[in-house]
Amino acid sequence: LATAHLINSFHTPQGAKLAKKQVRMLGKFFSLSFLWSFFQWFFTGGDNCGFSNFPTFGLKAYQYKFYFDFSATYVGVGMICPYIINISVLLGGILSWGIMWPLIETKKGDWFPADVESSSMHGLQAYKVFIAVAIILGDGLYNFCKVLSRTLSGLFVQLRGTSSRASFTVEEDPTASPYSPKQSYDDQRRTRFFLKDQIPTWFAMGGYIIIAATSTAILPHMFHQLRWYYILVIYICAPVLAFCNAYGAGLTDWSLASTYGKLAIFTIGAWAGSEHGGMLAGLAACGVMMNIVSTASDLTQDFKTGYLTLSSPKSMFVSQVIGTAMGCVVSPCVFWLFYKAFDDLGIPNSEYPAPFATVYRSMAKLGVEGVASLPRECLVLCYAFFSVAILVNIVKDSLPSRWGRFVPLPMAMAIPFFLGPYFAIDMCVGSLVLFVWERVDAAKAEAFGTAV
């Protein structure tokens, strides 16, 4: 949205004067943000040091990731995201790190061993990861089913002949709710342009099938533990998860590809078992799943930008293919440089320790050992939060729009369950800045808020 807004400003004849002011504002706050980060760098003496780790609300709150980390990035994201997104993220942080994790910690020695490391999947980490995954899946699958049902009902109406081809225009969408607001002229024009040059469905489906077949054939030769039928199952299930990820990224600007990757580690690792290299199979499957769901959110965001700037989807797709082809060459070369230049790459306490490697390896080990190795009550809590995510969505859709807009979004609430609420505080500061600005000068806030 921010990128499209800026691009449109450059290409609007009537808004040339405003565009110059917006660019000036963009340059001003870009410089301030850069200098602020540069200033912070002087006060960073190592890990957990400096402004980004300042115990704003006290050391006990800092221990549970409640602090303001002075990040201009997160404040800016907070100014772009709707208020309900930022409030939902903060509520999720309070619920998890403020209430749940301290309570579960009191069960140490009862629900899980007291001597496990904080990053172990046999301890508190398992609750953080799996409950977040349960909420994300519950919210994503509900919205997937909702969109699918609307699409099918629209197709059914067309097939019945009750709606002619001419009636399915931008002015009247048969799948839309009768209470949804009418599209503006700009939105109608954007939709018309975007659909006029759209990528054919047969091409998209055919491309996915060809890529799936190629991956299924080649990957088992690269990772012998990864059987061809594991890859096939991933490609069958991936579209649903890709939708969930694209939906979540659209709400929060956060791609949760790594979360779905962890789900692939767990399921494929459990399927393969320890005797057939389940850990390596799970980690390789994670790579496959992450690529699919990450691409889904990235492409959807790019197409949204193209939609808002009246760009051709086909020309955008060609650009994506060129960029992907470059990545196929550049990425392995960069990895190989690191691999050859640093003998201790990925080892703890080295220059490049790759800390998330520990999390992924723990997940793979847990997947091989099975669900029984999860801490006590973890699975019950996952079922509960999966159900709550669906219930919250049902309540939100059942209420009138004037009340429904105040119901928090489960997808946004799930993100801090694993990461912590520190970035939610920054985002809410961004919301507060925009809110005050709108009250003081609504016209300027609308014109320059996104640029800032």
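Guide: One term before we start: contact means heavy atoms within 4.5 Å. And keep in mind that this is a predicted model.

Visitor: OK. Which domains does the assignment give?
Guide: The domain assignment gives domain 1 as 1-47, and domain 2 as 63-105 + 126-156 + 186-449.

Visitor: How many residues of domain 1 are in contact with domain 2?
Guide: 14 residues of domain 1 touch ten residues of domain 2. The centres of domain 1 and domain 2, over C-alpha atoms, are 26 Å apart.

Visitor: And what area is buried between domain 1 and domain 2?
Guide: About 1,000 Å². Carbon and sulfur atoms give 71% of that area.

Visitor: How many salt bridges across the interface of domain 1 and domain 2?
Guide: The rule finds zero salt bridges there. It does find three residue pairs in polar contact across that interface.

Visitor: Which element gives the most to the domain 1 side?
Guide: That is α2, with seven residues. The elements giving two or more residues are α1 (2-10) and α2 (16-41).

Visitor: Switching topic. How many residues are in the largest nonpolar core?
Guide: It has 80 residues. Those with the most contacts inside it are W101, Y127, F130, I131, L226 and Y260. Helix α6 (residues 124-160) gives the largest share, twelve residues.

Visitor: What is Y127 in contact with?
Guide: Skipping neighbours within four places in sequence, its contacts include W101, W111, F112, P375 and R376. E377, C378 and L381 are also among them.

Visitor: What other core lies apart from the largest one?
Guide: One of seven residues, including M25, L434, A445 and F448.

Technical notes: Residues numbered from 1 in each chain as written. Predicted model: local features only at pLDDT ≥ 70, side-chain atom pairs only at ≥ 80, totals over all residues. Heavy atoms only, no water. Core = buried A, V, L, I, M, F, W, Y, C linked by side-chain atoms within 4.5 Å. Buried < 20%, exposed > 50% of the residue type's maximum accessible area, 1.4 Å probe, protein only. Helix = DSSP H or I, 4+ residues; strand = E, 2+ residues; numbered from the N terminus. Domains from an automatic or database assignment. Buried area = accessible area lost by both parts, 1.4 Å probe. Salt bridge = Lys/Arg side-chain N within 4 Å of Asp/Glu carboxyl O. Polar contact = N/O pair within 3.5 Å; in protein donor to acceptor, adjacent residues only side chain to side chain.
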